[in-house]
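The exercises below are to be worked with the sequence and the model open side by side. Each task is followed by a solution in steps.

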Amino acid sequence: MTATSPAPSAFPPAPAPASPDRPPAAPGRPRKKQPFSPWHLLLAPLALVFAVPLIWLLLSSVMSDAQINRFPPALWPSRIDLGGYRYVLGNAMFPRWFANSLLVSLAAVVSNLVLGALAGYAFARMRFAGSRLLLGLMLATMAIPFQLTMIPTFLVMKRLGLIDTLGALIVPSLVTPFAVFLLRQFFLSLPRELEEAAWLDGCSRLRVLWQIVLPLSRPALSTVAVLTFLTTWNDLSWPLIAINHDTQYTLQLGLTTFQGQHHTKWSAVMAGNVITVLPVLLAFLLAQKSFIQSITSSGLKG
């Protein structure tokens, strides 16, 4: 006689009774999301420390010269004084200086985006004789300080007849090794399959660069644009050498005229610097997300 196995039950087995020594397990509760990261406890004070000079600049711009020159210095203006802003904006040459700086900076940004993209794509995707040597020599120039190239650059600009013109400020900044290198690194992180598919459809290299590579490289292009604008806008040493006439002054060079040997109108200096800093802050805030994305992406491949 064979033993028959019990038929399977249609209902799941009842859970075992909880042990009297161990309480029943509580149902899982989702962890509460913290309103901020613990890193913010460290980063917030550091951000405040780095913002102190900017806050001091803003407060000093609405002080009078007597308040700024007082010792010990005032930490807070006793009253709002806009005399520095009226002095700066009332200067007949200030709009011309602002326009000169804007023209030089925009020309440098556009040329670095165009020439940097062409050179970076060539170094990233094209193999030609001496490409690695040329790339190494180009990167080596980044280690040469400006003081060593200042005199040769001045002589070249003088031979071209560009001294005391805005062309002397634009031509040396048409393309920088950093722009070429950053774009090259970002192009290396892009998949080749997209370009190969376009080549099979009959696209030329320039068309592939324009319609496929550059739209995908907006973070890197934004980073190059912001850094180039920042460097050119804040440059003082080269305009101080290449420009002599006040009609060709840039904004940074024009602000030095507010400082004299025996008297300095500090309220005007502070107000002028606030106006000078605003375009840089605006450009960085607009491209902040793209800037961070580009820096993290361009280091994926060497």
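A crossing is called left-handed if the near helix is turned anticlockwise from the far one by less than a right angle, and right-handed if clockwise. Helices are DSSP runs (H or I, at least four residues), numbered from the N terminus. The model is predicted, so that local features need pLDDT of at least 70, side-chain atom pairs count only at pLDDT 80 or more, and totals for chains, interfaces and linings use all residues. Residues are numbered from 1 along each chain as its sequence is written, and side-chain values use heavy atoms, with hydrogens and water left out.

**Exercise 1.** Describe how helix 4 passes helix 11.

Step 1: the axes of helix 4 (residues 94-125) and helix 11 (residues 218-233) come within 9 Å and cross at roughly 145°, where axes are lines fitted to C-alpha atoms over the stretch in contact and angles run from 0 to 180 degrees between N-to-C directions.
Step 2: the crossing of helix 4 with helix 11 is right-handed.

**Exercise 2.** Determine whether Gln 252 is buried or exposed, and list what Gln 252 touches.

Step 1: Gln 252 lies in helix 13 (residues 251-255).
Step 2: buried means under 20% relative accessible area and exposed over 50%, with partly exposed in between (1.4 Å probe, protein chains only); at 15%, Gln 252 is therefore buried.
Step 3: not counting residues up to four places away in sequence, Gln 252 touches Ser 101, Trp 233, Asn 234, Asp 235, Leu 236 and Thr 276.

Terms used
Helix = DSSP H or I, 4+ residues; strand = E, 2+ residues; numbered from the N terminus. Contact = heavy atoms within 4.5 Å.
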